[in-house]
Amino acid sequence: MDKLRIGFAMCGSFCTFDKVMAVMQELVNRDMEVTPIMSNMAYSTDTRFGKAEEINKRIESICGKEIIHTIEKAEPIGPAKMFDVLLVEPCTGNTLAKLASGITDTAVTMACKSHLRNSRPVVLAVSTNDALGNSAKNIGQLMNYRNVYFVPLRQDDCKMKPRSVVADFSLTVRTLEAAIESRQIQPMIM
Ligand SMILES: Cc1cc2nc3c(=O)[nH]c(=O)nc-3n(C[C@H](O)[C@H](O)[C@H](O)COP(=O)(O)O)c2cc1C
């Protein structure tokens, strides 16, 4: 059987990067072909969670491929039918808003637009402090879109951050496998 081809798109939710890179490694260990994609924010910002250059090197070493981080490099994803499924993990509030509104101004939103034109699945793993605030309408809108699936979500700290929601990254593989069969795994809200 051919290897499953995954586009793995990362946005600027930096606090999740360690967990997300562990998922990336798991996909590679499962013999999937993983191509990293990053928004400009994710690719180029040094934060207290790590230096961009070091994180990017780790990602390229896990995947054995260069990171797609420009709109120009992401544009051929659809025409070349590069992926069976496109994962956006972590997906920020910013990128949720853009995807819900059809705005395409980063490598990640370009990748989604280009991939969706082939009616292939996009899987979103949300991580944002305003998921139950300003982003709620965008999450709701995207849940209603064809070919868009969600890694199940939960409130990560309901006392200190009552509007914050983070996907359960440990369910990524199950969500991807179901999305390829046009199914959303349940429960979606945990
Ligand atoms: C240290 C740091 C952590 C951040 N964490 C998050 C986060 O967890 N979720 C989120 O939606 N935005 C977070 N942001 C804000 C996003 O990085 C910002 O909205 C950015 O424009 C996102 O761009 P992108 O969606 O193209 O990656 C964080 C920013 C910084 C500097």
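Predicted model: local features only at pLDDT ≥ 70, side-chain atom pairs only at ≥ 80, totals over all residues.
Helices, taken here as DSSP runs of H or I of at least four residues, and strands, as runs of E of at least two, are numbered from the N terminus. In these terms, α5 is the element that gives the most to the shell around the ligand, contributing three residues.

The ligand is surrounded by 16 residues, of which the closest are Cys11, Gly12, Ser13, Ser39 and Thr92. Two or more residues of this shell are given by each of α2 (40–44), α5 (93–101) and β4 (122–128). When the shell around the ligand is divided by class, eleven of its residues are polar and five are nonpolar, while charged residues are absent.

The crossing by which α5 passes α6 is right-handed. On the α5 side the contact involves Thr95, Lys98 and Leu99, which meet Val108, Thr109 and Cys112 in α6. By class, the residues of this contact of α5 with α6 comprise three nonpolar, two polar and one charged.

Helix α6 is itself mostly covered, with nine of its ten residues buried. These buried residues are Ala107, Val108, Thr109, Met110, Ala111, Cys112, Lys113, Ser114 and His115. The partners against which the buried residues of α6 pack are the helices α4 (71–74) and α5, together with the strands β1 (5–10), β2 (33–38), β3 (85–91) and β4.

One of the buried residues of α6, Ala111, can also be related to Pro76, a residue placed in the loop between α4 and β3. Although Pro76 and Ala111 are 35 residues apart in sequence, their C-alpha atoms are 8.5 Å apart in space. Pro76 counts as partly exposed because it has 13 C-beta neighbours inside 10 Å, whereas a buried residue requires 20 or more and an exposed one has 12 or fewer.

Among the strands that the buried residues of α6 pack against, β1 and β2 are joined to each other by six bridges and run parallel. Within this pairing, Phe8 stands opposite Pro36 in β2. Strand β2 is mostly covered, five of its six residues being buried.

Conventions. Residues numbered from 1 in each chain as written. Near = placed C-beta within 6 Å. Nonpolar A, V, L, I, M, F, W, Y, C, P; charged D, E, K, R; others polar. Left-handed = near helix turned anticlockwise from the far one by under 90°. Contact = placed C-beta atoms within 7 Å. Pairing = 2+ DSSP bridges.
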